[in-house]
Amino acid sequence: MKFYSSIIFFFWVFCLKAQTDVYERLDFPENLSASQVLSPRQFLGYRLGERFTEYAKSVAYFDYLADQSPRVRVERYGTTYEGRPLLLVIVTGEENMDQLEAIRTKQLDLVNSWRGGGAQVESLLENHPVVNSFSYNIHGNEASSTEAAMQVAYELATTENQELADALEETVNVMFVCINPDGRDRYVYWYNGMARATGGEEPRDLEHYAPFPNGRTNHYWFDLNRDWVWGVHPESRGHTRAYQRWMPSVHTDYHEQGYDANYFTVPGTTPRNLLLPDAYESWADTFGRANIAAFDQQGISYFTRDRFDFFYPSYGSSYPSVMGAIGMLTEQGGIAGGRAVETEDGFVLTLRQRIWDHFTTSLAQVRTASDNREALQRYSLEAWNPLNSKQETTAYLIENDGSPYFNDFLQMLLLNGIEVERTTEELTANGRSFRSGPVEEERTHPAGSLIIGTEQARHLLINSILANDIAIEDSVMYDMSTWSAPLAYNLNAYTFGSPIQVGTEPVRVIERSGGVYGPEDGPVYAYVIDWSQRNAPQALAAMWTKGLRVRSALEPFTTDGGQTFSAGSLIVLRGRNLEHEEEIPVLMQQMAEDFGLRVDRFTTGRMRDGNDLASTRNFPLRKPQVAMLVDEPFDTYTSGQIYYLFDWETQLPVTRIRTSVLRQTAVPKFGQRYGYADLFDYDVLILPDAGNLGEVFDEEQREVLTGWIRAGGTLVTVGESAEFFTAENGFTDQKVNQPGRDTSELASQLTFAERTDYYGKKNIPGSALRATLDNTHPLAFGMGTEVYTLKFGSNSLQASAGLESVGRYVSDSTQLLAAGYAPSDAIDRLAGNTWAGVRQIGQGQVVYLLDNPHYRMFWRGPSRLMQNAVMIVPGM
């Protein structure tokens with residue numbers, strides 16, 4: 001026993017010495033001779049890198065710095081879902097801090113100075129510090145950057161280095177110190193609870209394998225680094241508003257990558273946003289070379305111009321660029337690295353090193369921004385000036401045709417500071433329709449349409465997110481190939497290449513309209529909510545919660561007054577809800593106000609056309625018990641989107657069941673409990689996108705699942721999960737159209753270096769395809785007959801008599817691609833085939849959604865399909 005104790009003791013001493021060497025080599029300065037401000041080490045009671053810092057302690061330290069240093073100010077710009085504050089830490093010279101609001105106002109004046117003269121610009125630039133910003137820890141498990149931000153803020157607040165102190169007078173440094181506190185704390189609390197006293201450098205150790213859903217995402221399992229433009233989540237809306245208040249000229253987004261990788265700094269790789277000023281690349285190189293100059297001195301390994309592109313405009317690295325700044329990215333190796341981990345080449349990467357590297361590049365950026373203050377400001381002035389635009393479009397027009405996501409689109413524009421006008425009269429003009437293609441045609445657009453002119457400072461953003469024809473220089477990309485907002489929200493959009501003349505008024509706020517309409521004299525027969533309204537699903541969930549009996553209209557119907565209601569419209573009959581008779585009017589009024597709904601009051605059930613309100617063809621909707629499988633192999637992001645859609649937006653409870661729960665016990669026979677979760681407790685089971693469902697459903701488990709469906713269950717499948725329940729796995733006779741193996745002569749002659757590019761160009765990397773919907777089917781109730789679906793890959797469902805095809809790609813392959821990149825052979829193969837459908841099995845059904853109908857919750861056009869699949873289809 002004594003022998004083993006000695007081994008453990010010497011191992012502990014060895015680990016301690018190794019740790020000590022790291023801290024001696026990477027020794028952060030503590031500037032106590034000129035200041036009594038405590039360093040992070042002194043305030044927290046440990047050296048940065050010895051453990052991960054809980055977010056509340058970081059907040060306390062930043063607040064402490066602001067209280068102690070005249071160079072530091074802390075602002076709270078929002079709150080997360082879990083109630084954590086979102087902090088903006090501003091650090092600058094004392095003279096600047098005394099006039100900080102005047103500097104901020106002058107910066108916004110510079111944004112719009114293109115409307116004035118040169119003398120005004122020169123006056124604004126005189127002695128004006130450059131606004132230099134940073135965003136840290138947008139992915140919660142990339143946790144070194146918030147640790148670094150504490151040391152950066154301390155160094156700037158207390159520095160005794162005259163060069164750095166002078167740089168503070170030339171810069172206002174705006175630090176988003178932790179964009180994703182919920183994800184960070186999820187990871188940090190888990191890791192600190194798993195960390196070994198003896199160190200866990202071995203890559204196989206538990207501390208390098210955080211469990212689902214990990215800490216990368218926010219509370220609803222979203223990647224916030226895809227949400228800068230769209231503002232789906234409070235974290236994103238908060239930092240986008242804060243960014244708009246400052247409009248920096250320089251910004252870097254701080255990240256981590258796998259721990260085997262060396263540090264990445266700009267420039268990035270292709271594809272690039274070709275709308276950006278030509279000088280962008282050279283400026284990115286200037287900052288990148290400043291970083292590597294510091295790294296060269298210290299022997300820190302790095303790489304540039306590889307892996308990471310900045311094409312998608314909703315990254316933290318690309319959003320600033322389309323806002324007129326030099327937007328940049330750094331990626332430190334370190335995800336899952338814990339406090340220390342052995343990399344593939346035997347190097348031990350420590351948390352201390354990761355913090356040090358981000359600290360180093362942060363200070364290099366401050367110095368470089370200071371050295372180039374006026375040149376950077378003039379770059380932004382050129383970028384903000386719409387006369388320098390490379391795009392010929394003068395305006396985008398969006399018709400207000402009753403689309404349920406019209407206000408979502410408008411809210412996104414206003415969030416980003418885009419100037420929007422609303423027409424007060426009809427406009428007849430030649431424009432190009434997004435739906436019908438590139439040919440200009442004359443059309444009369446109704447009053448109430450939105451006009452987004454490009455002659456404004458945010459023209460780069462406008463053209464980047466609205467255009468459906470952005471040039472793509474390389475089809476092999478890190479993310480998706482289109483994000484055109486009019487397509488994402490399924491709007492009728494038009495572009496103009498010359499000035500248009502029409503009466504308009506500015507739009508600054510979104511006007512929500514809602515109320516209860518209909519005759520007030522006479523007894524109420526029923527209330528009706530048209531299912532095509534944006535928030536009708538929320539109303540249905542609310543009525544279920546109150547215990548109301550609700551019916552869904554099988555077909556459209558028209559009143560004697562000529563008002564038509566869509567299929568799926570919700571019908572609440574007074575005679576079927578007598579126990580709620582007194583509370584129903586109050587509930588209807590409340591829902592109309594809360595959800596912005598039109599609720600119609602009826603005094604008769606007789607309709608002019610279609611079924612009467614109480615017709616038995618209008619079927620009852622009973623509140624379903626809904627479950628969703630999560631954890632491996634299911635995609636975290638797709639799971640999170642469904643979770644968000646129902647839990648936050650629709651407020652319909654969905655039970656999240658881990659796949660491990662299903663696998664922990666032997667599978668019982670049909671009718672018995674299925675693992676720890678009895679399928680027969682649920683009416684609907686949702687399967688998010690998953691690559692290998694064979695891990696979850698073996699032959700015996702499929703038998704149980706089939707029995708549940710035949711007994712009346714509804715299985716909703718998304719993405720690759722939908723492909724699993726086809727003939728290939730013997731579940732149904734449904735066939736999938738997919739590309740065969742490439743046996744061409746060209747493929748056989750490829751060199752190793754050519755293979756990635758060749759096969760990458762055969763893929764569809766997130767492109768918008770024109771599609772049709774059968775809105776007579778309950779899966780498409782409340783929707784139009786045309787939609788843009790976002791396509792990854794090139795698989796589709798083969799049409800057959802047994803498949804109720806609801807969503808099809810348009811048959812004309814020349815019209816199929818609406819935006820983005822797609823190879824011609826893939827387009828030809830998809831044309832006319834199915835991407836959304838239903839198969840009846842016994843008393844139940846399988847719903848197939850091959851294309852994610854609510855990608856990142858900004859691609860909203862098809863998203864009603866998921867709500868219908870869960871809330872309407874089971875009632876049929």
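Me: In which sense do E12 and strand E15 pair, and over how many bridges?

Reply: Start with the pairing, and keep in mind that this is a predicted model. E12 and E15 (residues 450-453) pair in the antiparallel sense, over 2 bridges. One partner pair is Glu-421 with Ile-451 in E15.

Me: How many bridges join strand E12 to strand E17?

Reply: The count is 4 bridges, between E12 (residues 420-423) and E17 (residues 504-507). These strands run antiparallel. Val-420 has Val-507 of E17 as its bridge partner.

Me: What should I know about side chains in a strand?

Reply: In a regular strand they alternate between the two faces of the sheet.

Me: How many residues of strand E32 are buried?

Reply: Look at residues 786-792, which form E32. Of its 7 residues, 5 are buried, and the strand is mostly covered. Strand E31 (residues 765-773) is joined to E32 by 7 bridges, and the two run antiparallel. Ala-768 has Leu-790 in E32 as its bridge partner.

Me: Is Leu-849 buried or exposed?

Reply: Compare its relative accessible area with the cut-off: buried means under 20%. Leu-849 has 0%, so it is buried. This residue is found in strand E37 (residues 844-849).

Me: What does Leu-849 touch, leaving out residues up to four places away in sequence?

Reply: Its contacts include Val-716, Thr-717, Val-718 and Gly-719. Also among them are Trp-835, Ala-836, Leu-865 and Met-866. Now check sequence distance against space. Leu-849 and Val-630 are 219 residues apart in sequence, yet 17 Å apart in space, C-alpha to C-alpha.

Me: How many helices and strands does the protein have?

Reply: The secondary structure comes to 28 helices and 37 strands. Of contacts between residues at least 6 apart in sequence, 79% join residues at least 24 apart.

Me: Why does the radius of gyration agree with a compact globule?

Reply: A compact globule of 876 residues would have a radius of gyration near 29 Å, and the protein has 29 Å, so the two agree. The C-alpha trace spans about 85 × 85 × 70 Å along its principal axes. Of the 876 residues, 60% count as buried.

Me: How many positive and negative side chains are there?

Reply: There are 74 positive and 112 negative ones. The centres of the two sets lie 5 Å apart. As for the surface, the protein exposes about 34,300 Å², and carbon and sulfur atoms supply 47% of that area.

Methods. Residues numbered from 1 in each chain as written. Predicted model: local features only at pLDDT ≥ 70, side-chain atom pairs only at ≥ 80, totals over all residues. Heavy atoms only, no water. Rg over C-alpha atoms; globule rule 2.2 N^0.38 Å. Buried < 20%, exposed > 50% of the residue type's maximum accessible area, 1.4 Å probe, protein only. Contact = heavy atoms within 4.5 Å. Areas by Shrake-Rupley, 256 points an atom, 1.4 Å probe, with all protein chains shown as cover. Lys, Arg positive; Asp, Glu negative; His and termini not counted. Charge placed at Lys NZ, Arg CZ, Asp CG, Glu CD. Pairing = 2+ DSSP bridges.
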